[in-house]
Every structure is written in C-alpha cells, then in structure tokens.
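Here's a walk through one model, with the cut-offs spelled out as they come up. Have the viewer open while you read.

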Amino acid sequence: MTSASATATKAPATAPAVSAPAPTASTAGLDAGLLLLRVVLGLAVAAHGVQKLFGWFGGGGISGTGQFFTSAGYPAGETMAAVAGLTETLGGLGLAAGLLTPLAGAAVTGTMINALAVHGAGAFFAPKGMEYELLLAAAAAALTLTGPGRLALDRVLPLPALRTPRPALGAAALALGVVLAAVTLLVRS
C-alpha cells in the first residue's frame, strides 16, 4: 500500500534562463528623464566649478573665490576655493556623463551642504535664500540613490556594482559626502 502522494513524482524544476529585460516604454522614459536631469544638473554645477577655478562665466577665479571663502570663515580661502572648484567641476561632469555616479553625486551633495551653511542663514527664496542650493543638493542626492539610468558611462565600466542601481551603495556614498561636508564645516570659524 502506497499513498497517492508517495507515488506521484514531480518533474525536476528548471530555472528559467535569466536575461536582461529589453527596455520598455516606461524604462526608456525613466532613462531619458534621468539623462536629462543628470546633464542639466551636472553641467550647471560644473559651470559653477569653473567659475571658481578659472574665472570663466563671470566667476572670481581662485583669487576672488578664495577671498569669498576667507570672508565666510573658511581657513586658507584659496585652497578651499580650489577644493570647491574641483569638486563641483569633477562631480558635475561625472553626473552629466553618468560616470562614477555615486561618488559624483555625493561630491555635489557635500559641496551643496557647505553652500547651504553659507547661504542658508537668511531666507528660503533667492537672492539671499537657500532654495537654489537646496534644489541642487536634493537632485544630486536623488541621483546618488537612484543611479544614472541606462544611458550612462557607468553601464560600460568593468565595475558590476555601478551597472545596476544599488541603494545601499548610494546611501554609503551619501554618508561619505555628508561626513566630509561636516568636517569641512567644522574647520570654518
């Protein structure tokens, strides 16, 4: 005597082949939206960086920006101007290209935290408010957490962690950006 369940045999389960799904209309729209956000945000931030570094687009260059940093309480104003200019330029270009996006977004976010500390004491709205810096920081943080989308250089790098969105990687990069921003603010008098 055998029970029906004991005599029934199950066919071995086979795992379906895993392949990357083709982009759908909604995925294509998401990728296009992330590309637009990255390019506009990244180039705007990079333009501010080259203002600080080279005086382009009506900027103060290292000397003029250094004087501003000194008046805002940062030590070694010209050094801080160079650090901020390089961070904005490289972080902005990285965001625009979708290259090392978690680090680029964290760099921009950290720089904007410092900008918020300097500009944010007055009001919310421009010209003396913090709305612009807050918007840039939020957009950079959002890209750090979401990833750059499929239309990015991160997709062709030999770093698998950058090929697909990994919120934990983005959160770790943001934490690094916030810590470095806090350290920079601590040296400000």
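## Overall make-up

Of the contacts in the protein chain with a separation of 6 or more, 66% come from residues 24 or more positions apart; a contact here means heavy atoms within 4.5 Å. Keep in mind that this is a predicted model, where local features need pLDDT of at least 70 and side-chain atom pairs count only at pLDDT 80 or more, while totals for chains, interfaces and linings use all residues. Residues are numbered from 1 along each chain as its sequence is written, and side-chain values use heavy atoms, with hydrogens and water left out.

The protein chain has eight helices and zero strands, going by DSSP runs numbered from the N terminus (helices are H or I, at least four residues; strands are E, at least two). Of its 189 residues, 35% count as buried. For the labels, buried is under 20% relative accessible area, exposed is over 50%, and partly exposed is in between (1.4 Å probe, protein chains only). The accessible surface of the protein chain is about 10800 Å², with 74% of that belonging to carbon and sulfur atoms; the areas come from the Shrake-Rupley method with a 1.4 Å probe, and for residues only the protein chains shown count as cover.

The largest nonpolar core has 14 residues, and Leu 41, Leu 95, Val 108 and Met 112 have the most contacts inside it. Two or more residues each come from α2 (25-54), α5 (101-119) and α6 (131-146). A core, in this sense, is a set of buried Ala, Val, Leu, Ile, Met, Phe, Trp, Tyr and Cys residues joined through side-chain atoms within 4.5 Å. Another core, of six residues, lies apart from it, and its members include Phe 69, Tyr 74, Met 80 and Ala 81.

Back to Met 112: leaving out residues up to four places away in sequence, it touches Glu 88, Glu 133, Leu 136 and Ala 137.

## Salt bridges

The count comes to two salt bridges, where the rule is a side-chain nitrogen of Lys or Arg within 4 Å of a carboxyl oxygen of Asp or Glu. In one, Lys 52 and Glu 88 meet at 2.9 Å, N to O. That pair links distant parts of the chain, with Lys 52 in helix α2 and Glu 88 in helix α4 (residues 77-97), 36 residues apart. Lys 52 counts as buried at 16% relative accessibility, and Glu 88 is buried too, at 6%.

Arg 150 forms a salt bridge with Asp 31, and the closest N and O atoms are 3.7 Å apart. Arg 150 sits in the loop between α6 and α7 (160-163) and Asp 31 in helix α2, so the pair ties together parts 119 residues apart in sequence. Arg 150 is partly exposed at 30%, whereas Asp 31 is buried at 7%.

## Helix α3 and its sides

Which residues of helix α3 (residues 61-71) are buried? They are Gly 61, Thr 65, Gly 66 and Phe 69. They cover an arc of only 140° around the axis, so they lie on the same side of α3; the arc is that of the directions from the helix axis to the C-beta atoms. On the other side of α3, Gln 67 and Ser 71 are exposed. After α3 comes Gly 73, with a positive phi near 100°.

## The loop at Leu 99

Leu 99 lies in the loop between α4 and α5 and is partly exposed, with a relative accessible area of 33%. Not counting residues up to four places away in sequence, Leu 99 touches Gly 94, Ala 104, Leu 153, Asp 154 and Leu 157.
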